[in-house]
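Hi,

Here is the structure I promised to pass on. Have a look at it first, and then read on for what turned up.

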Amino acid sequence: MSVNPFDIKTIVLAKHAQHVVLIHFPIALFAAGVLFDFLALQTKRRGLAEAAYFNFFVAAISTLPVLATGILAWQFALEGQKLKGTLLEHLVLACISTLMIWLVWWVHSRGRKRLEPLPNYRLAIEFLAFAIVGLTAHLGGFLSGVNGPG
Amino acid sequence: MIRKTVLIVGLLATVMVLTLLLSAGSPGSSAKTPQPATAEVKVDNFSFGPATLTVPVGTTVTWTNRDDIPHTIVSTDKVFKSKVLDTDEKFSFTFAKAGTYPYFCSIHPKMTGSVVVQ
């Protein structure tokens, strides 16, 4: 396989896989956002709520390159062949995770625009989204071979 | 008496010749149609076993995914390429020409192997 650093396939595929690098950004940002939002609700500290909002915002933005590199890896490594099993589960859960992260950001964004308190049920959505993100990441780690030798 | 003996010997000889002809022409005869050679490669724990397989020309190599996650078998020189193999799924390719055929898993490119055809 080519190792040309300017070859898009080299960038996207597993020997220099951007997807498995970039995925850590939305996971970490979203998890931190949920934690900040939970603490903001408990302590009523405005700064934590602000931190949560911006974590969700950047997490939502960072899902876009992750989704793009994941789809490109599918096209290049597997030539877009029909997915099944763990690969299909990972793709479906990744799409749901992306939508959930954007939904959480939208709930926060709407509350800020309307200058009204955020609904308490948002935490349930955030925890559900976190669980789906975790499951997606688990399958992704499994597929990437992180559990394998070497 | 002599005539009867000649008849029996002739009959026996005919039966023997026919038996020989039939057994030589039967589809199961190993002398006429040798069985095609086969070889197996196991895909397990993110590796190919054996990593290097040496086979004669005409051998059909079958890869079986014994791992819990999907893998592919892709020739570096684009000679052969499998679909995504889930657990216990197989992929076979017959090597008609001598040479060395390196291959890898396109999902996990660190997984490499080769088939040496002699």
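Is the crossing of H3(A) and H6(A) left-handed or right-handed? The crossing is left-handed. Before going further, please keep in mind that this is a predicted model.

**Chain A: H3 and H6**

To place these two, H3 covers residues 24–43 of chain A, and H6 covers residues 122–144 of chain A. Their axes come within 10 Å and cross at roughly 155°. Angles over 145 degrees count as roughly antiparallel, so that is how H3(A) and H6(A) run relative to each other. On the H3(A) side, the residues in contact include A:Ile27, A:Phe30, A:Ala31 and A:Val34. H6(A) brings, among others, A:Arg122, A:Glu126, A:Phe127 and A:Phe130. Sorted by class, this contact has 12 nonpolar, no polar and three charged residues.

**Chain A: H3 and H4**

H3(A) also meets H4, which is residues 46–77 of chain A. Here the axes come within 8 Å and cross at roughly 160°, which makes H3(A) roughly antiparallel to H4(A). H3(A) passes H4(A) in a left-handed crossing too. Among the residues that make the contact are A:Phe25, A:Leu29, A:Phe36 and A:Thr43 of H3(A), with A:Leu48, A:Asn55, A:Phe56 and A:Val66 of H4(A). By class, you will find 17 nonpolar, five polar and one charged residues there.

If you go through the two contact lists, A:Phe30, A:Val34 and A:Asp37 of H3(A) turn up in the one with H4(A) and in the one with H6(A).

H4(A) also passes a simple length check: at 1.5 Å a residue, its 32 residues should span 46 Å, and the end C-alpha atoms are 46 Å apart, so the two agree. After H4(A) comes A:Glu79, which has a positive phi, near 55°.

**Chain B: the sheet**

Over in chain B, four strands form an open sheet with mixed pairing, in the order E2-E1-E4-E6. Its edge strands are E2 (47–49) and E6 (90–94), each of which pairs on one side only. From one strand to the next, the twist averages 20°.

Which way do E1 and E4 of chain B pair? E1 (residues 38–44) and E4 (residues 60–65) pair in the parallel sense, over six bridges. One pair to look up is B:Val43, whose bridge partner in E4(B) is B:Asn65. As background, strands of a sheet pair through backbone hydrogen bonds, either parallel or antiparallel.

Over to you!

How values were computed
Residues are numbered from 1 along each chain as its sequence is written. Chains are lettered from A and ligands numbered from 1 in the order in which they are written. This is a predicted model: local features need pLDDT of at least 70, side-chain atom pairs count only at pLDDT 80 or more; totals for chains, interfaces and linings use all residues. Side-chain values use heavy atoms; hydrogens and water are left out. Axes are lines fitted to C-alpha atoms, for helices over the stretch in contact, and angles run from 0 to 180 degrees between N-to-C directions. Angles under 35 degrees count as roughly parallel, over 145 as roughly antiparallel, 65 to 115 as roughly perpendicular and the rest as oblique. A crossing is left-handed if the near helix is turned anticlockwise from the far one by less than a right angle, and right-handed if clockwise. Contact means heavy atoms within 4.5 Å. Ala, Val, Leu, Ile, Met, Phe, Trp, Tyr, Cys and Pro count as nonpolar, Asp, Glu, Lys and Arg as charged, and the others, Gly among them, as polar. The expected span of a helix is 1.5 Å times one less than its number of residues. Two strands pair if DSSP finds at least two bridges between them.
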